[in-house]
Amino acid sequence: MNENPSYSTTSAQPSDLAKRIRNFLIVIAAIILGVAIYLGIRMDATSTSLPQLAEESVPLEVALSNGKPTLIEFYANWCTSCQAMAPELHEIKQEYAEKLNFVMLNVDNSKWLPELLKYRVDGIPHFVYLNQKVETLAQTIGEIPRNILEANLNALIAENPIPYTQSMGQVSAFNSPLKTDKPSAVDPRSHGSQVQ
């Protein structure tokens with residue numbers, strides 16, 4: 001047997017105070033992590049949403065009568081491309097609000113069926129650029145990078161040709177409630193069918 005008084009079995013294990021400090025630090029780290037996760041989820045939930053953007057947008061009737069150029073966006077709440085563009089579109093709307101009307105029309109609302117037909121919306125997001133005289137200058141479909149959208153808006157405001165009218169980005173399919181038949185070669189966007 002070892003009778004050495006300087007040797008103790010408790011010296012190999014951490015002291016009670018060290019255990020308490022370690023546990024306290026673990027609890028503090030868990031609380032900090034929990035708060036960070038909560039705030040992260042909260043920030044994500046409070047970021048710009050499509051219904052919020054639509055609520056803040058100019059009503060179509062006002063946009064068509066106030067003499068300012070207009071950007072109409074056809075969207076749906078379930079459209080992932082529309083959702084992805086929402087934060088940047090919100091920032092752009094803040095920057096261009098004085099010079100331009102921003103109108104948002106939900107494709108799931110049958111109220112906008114005449115506009116869906118007029119602008120031949122078959123993918124979303126679908127953007128329509130109208131000049132001050134409410135004439136359609138261009139249309140773009142799909143998720144558009146901010147710099148391209150801003151270049152188009154600057155041209156619209158300056159009454160110049162829209163530079164990126166052939167822009168095609170990622171789209172969400174939209175199934176129109178209309179039936180199509182009777183082939184027509186008049187319009188290449190009709191893809192061989194005529195809307196009835």
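Is E91 buried, partly exposed or exposed? What you have here is a predicted model, in which local features need pLDDT of at least 70 and side-chain atom pairs count only at pLDDT 80 or more, while totals for chains, interfaces and linings use all residues. Residues are numbered from 1 along each chain as its sequence is written, and side-chain values use heavy atoms, with hydrogens and water left out.

Back to E91. With a relative accessible area of 43%, E91 is partly exposed; that label covers the range between buried, under 20% relative accessible area, and exposed, over 50%, using a 1.4 Å probe and protein chains only. E91 sits in helix α4.

Now zoom out to the whole chain. The protein has six helices and eight strands, where helices are DSSP runs of H or I with at least four residues, strands are runs of E with at least two, and both are numbered from the N terminus. Of the 196 residues, 33% are buried. Take the contacts (heavy atoms within 4.5 Å) with a separation of 6 or more: 68% of them join residues 24 or more positions apart.

Two packed helices are described by the angle between their axes and the distance between the axes. For helix α4 (residues 80-96) and helix α6 (residues 146-157), the axes come within 11 Å and cross at roughly 30°. That makes α4 roughly parallel to α6, since angles under 35 degrees count as roughly parallel, over 145 as roughly antiparallel, 65 to 115 as roughly perpendicular and the rest as oblique. The axes themselves are lines fitted to C-alpha atoms, for helices over the stretch in contact, and the angles run from 0 to 180 degrees between N-to-C directions. The crossing of α4 past α6 is right-handed, meaning that the near helix is turned clockwise from the far one by less than a right angle.

Who does the touching? On the α4 side, the contact is made by M85, E88, L89, E91, I92, E95 and Y96, and on the α6 side by R146, L149, E150, L153, N154 and I157. Sort these residues by type and you get seven nonpolar, one polar and five charged. Here Ala, Val, Leu, Ile, Met, Phe, Trp, Tyr, Cys and Pro count as nonpolar, Asp, Glu, Lys and Arg as charged, and the others, Gly among them, as polar.

Leaving out residues up to four places away in sequence, L149 touches L71, M85, L89, I92, Y129 and I144. L149 also belongs to the largest nonpolar core, a set of 40 residues in which I72, F74, I124, Y129, L149 and L153 have the most contacts. Such a core is a set of buried Ala, Val, Leu, Ile, Met, Phe, Trp, Tyr and Cys residues joined through side-chain atoms within 4.5 Å. At least two residues of this core come from each of α2 (50-56), α3 (60-63), β1 (70-75), α4, β2 (101-106), β4 (126-130) and α6. The biggest share is from α4, with six residues. In soluble globular proteins, nonpolar side chains tend to be buried together.

From I124 in that core, step one bond along the backbone: the peptide bond from I124 to P125 is cis, with omega near 0°. P125 lies in the loop between β3 (123-124) and β4. Its C-alpha atom is 5.8 Å from that of I141, 16 residues away along the chain. I141 is part of strand β5 and is buried, at 10% relative accessible area.

Some other loops deserve a look too. R120, in the loop between α5 (113-118) and β3, has a positive phi near 50° despite not being glycine. V134, in the loop between β4 and β5 (136-141), also has a positive phi, near 65°, and is not glycine either. R120 is partly exposed at 34% relative accessibility, and V134 is partly exposed at 32%.

Finish at N77, in the loop between β1 and α4, which is partly exposed at 37% relative accessibility. Apart from neighbours within four places in sequence, N77 contacts L50, P51, Q83 and N106.
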